[in-house]
Amino acid sequence: MVCLDPFTPDEFTIWYRHLGRLRLFWAKPLVELLPLYKIPEGCVIKVRWASERPRLEEAYIAILKKIRKLDFLVPLRGTKILLTPHVIEKDLYQQRGALYIYSTSRPCASGIHIEKPTEGHPEPGPDHIVISSDASGHKYLVYLNKWNFNIDYLWIASKEYIDEAVESAICETRRLGGRYTSVAAGEGHLSSINFDLYKPDYLYNTYKLAF
């Protein structure tokens, strides 16, 4: 039971487990994921994250397609995360990010694969496919996670190249058999890039709640 459209429960678990390596405020290295209960507006799951401290960190993730009063989350102990297509009031949250999901059924234009990016970019991990506009990456550079098809790193020379960069990731995801390409953003991680410029099929706001 996971109600984050368009993922199936199994797809979500795999996607979220690999997303945890980015250490966003709402996705950290996953130890355990437990579906708790379903409600008319969505569902709630419990996760345990590996912490740098010598103990596990517990968090509750509420995924709500429609906003309702959030007081039902107050008794839950631990970090509380909200994923919703809607915007909530500033006094209800401490941090804000976003999740963009693009279907591989849409048209795409492929970039080229390169083994190693030019200097000035972080070192890609062994799970990354490096995609560029050209051998020098003058227009854009994408690190696509080959397990969950999330864009873990993106550089664009200017905002006019955002569609080409995302399309390249979509093409590669489709070639590998994936149904969706995602971009998970948080404060300090891809937060300066406006992915609305290439309209996603699904958009969720992500919040660390303040209570």
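The accessible surface of the protein amounts to about 10,400 Å², and 51% of this area belongs to carbon and sulfur atoms; accessible areas come from the Shrake-Rupley method with a 1.4 Å probe, and for residues only the protein chains shown count as cover. The structure is a predicted model, in which local features need pLDDT of at least 70 and side-chain atom pairs count only at pLDDT 80 or more, while totals for chains, interfaces and linings use all residues. Residues are numbered from 1 along each chain as its sequence is written, and side-chain values use heavy atoms, with hydrogens and water left out.

Of the 211 residues in the protein, 52% are buried, where buried means under 20% relative accessible area, exposed over 50%, and partly exposed in between (1.4 Å probe, protein chains only). A compact globule with 211 residues would have a radius of gyration near 17 Å, and the value of 17 Å for the protein agrees with this. The radius is taken over C-alpha atoms, and the globule rule is 2.2 Å times the number of residues to the power 0.38. Along the principal axes, the C-alpha atoms fill a box of roughly 55 × 35 × 30 Å. The protein carries 27 positive and 25 negative charges, whose mean positions are 7 Å apart. Lys and Arg count as positive and Asp and Glu as negative, with His and the chain ends not counted; the place of a charge is taken as NZ of Lys, CZ of Arg, CG of Asp or CD of Glu.

The protein contains two helices and 11 strands, which are DSSP runs numbered from the N terminus (helices H or I, at least four residues; strands E, at least two). Their order along the sequence is α-β-β-β-β-β-β-β-β-β-α-β-β. Among contacts between residues at least 6 apart in sequence, 57% join residues at least 24 apart, a contact being heavy atoms within 4.5 Å.

Helix α1 spans residues 9-19, and its buried residues are Phe12, Trp15, Tyr16, His18 and Leu19. Seen down the axis of α1, these residues fall within an arc of 165°, so they line one face of the helix; the arc is that of the directions from the helix axis to the C-beta atoms. The buried residues of α1 pack against the strands β1 (30-39), β2 (42-50), β3 (56-64), β5 (93-103), β8 (140-145) and β10 (180-185). In the segment before α1 lies proline 6, which is joined to aspartate 5 by a cis peptide bond with omega of about 10°.

Most residues other than glycine have a negative phi, and most peptide bonds are trans. Phenylalanine 149 has a positive phi, near 60°. This residue lies in the loop between β8 and β9 (151-156) and counts as buried at 13% relative accessibility. Leucine 190 also has a positive phi, of about 60°, although it is not a glycine. Leucine 190 is placed in the loop between β10 and β11 (202-209) and is buried, at 12% relative accessibility.

Leucine 83 belongs to strand β4 (residues 79-84) and, at 2% relative accessibility, counts as buried. Leaving out residues up to four places away in sequence, leucine 83 touches Leu4, Trp26, Ile61, Ala62, Ile63, Leu64, Tyr204, Asn205 and Thr206. Leucine 70, in the loop between β3 and β4, is buried with a relative accessible area of 10%. Beyond its neighbours within four places in sequence, leucine 70 is in contact with Leu64, Leu82, Leu92, Leu209 and Phe211. From leucine 70 to proline 126 the C-alpha distance is 40 Å, at a sequence separation of 56 residues.

Leucine 56, in strand β3, is partly exposed, with a relative accessible area of 42%. Its contacts, not counting residues up to four places away in sequence, are Val31, Arg48, Trp49 and Ala50. Serine 110 is found in the loop between β5 and β6 (112-113) and is exposed, with a relative accessible area of 54%. With the same exclusion of residues up to four places away in sequence, serine 110 touches Ser168 and Cys171. Serine 110 and isoleucine 170 are 60 residues apart in sequence, and their C-alpha atoms are 8.1 Å apart.
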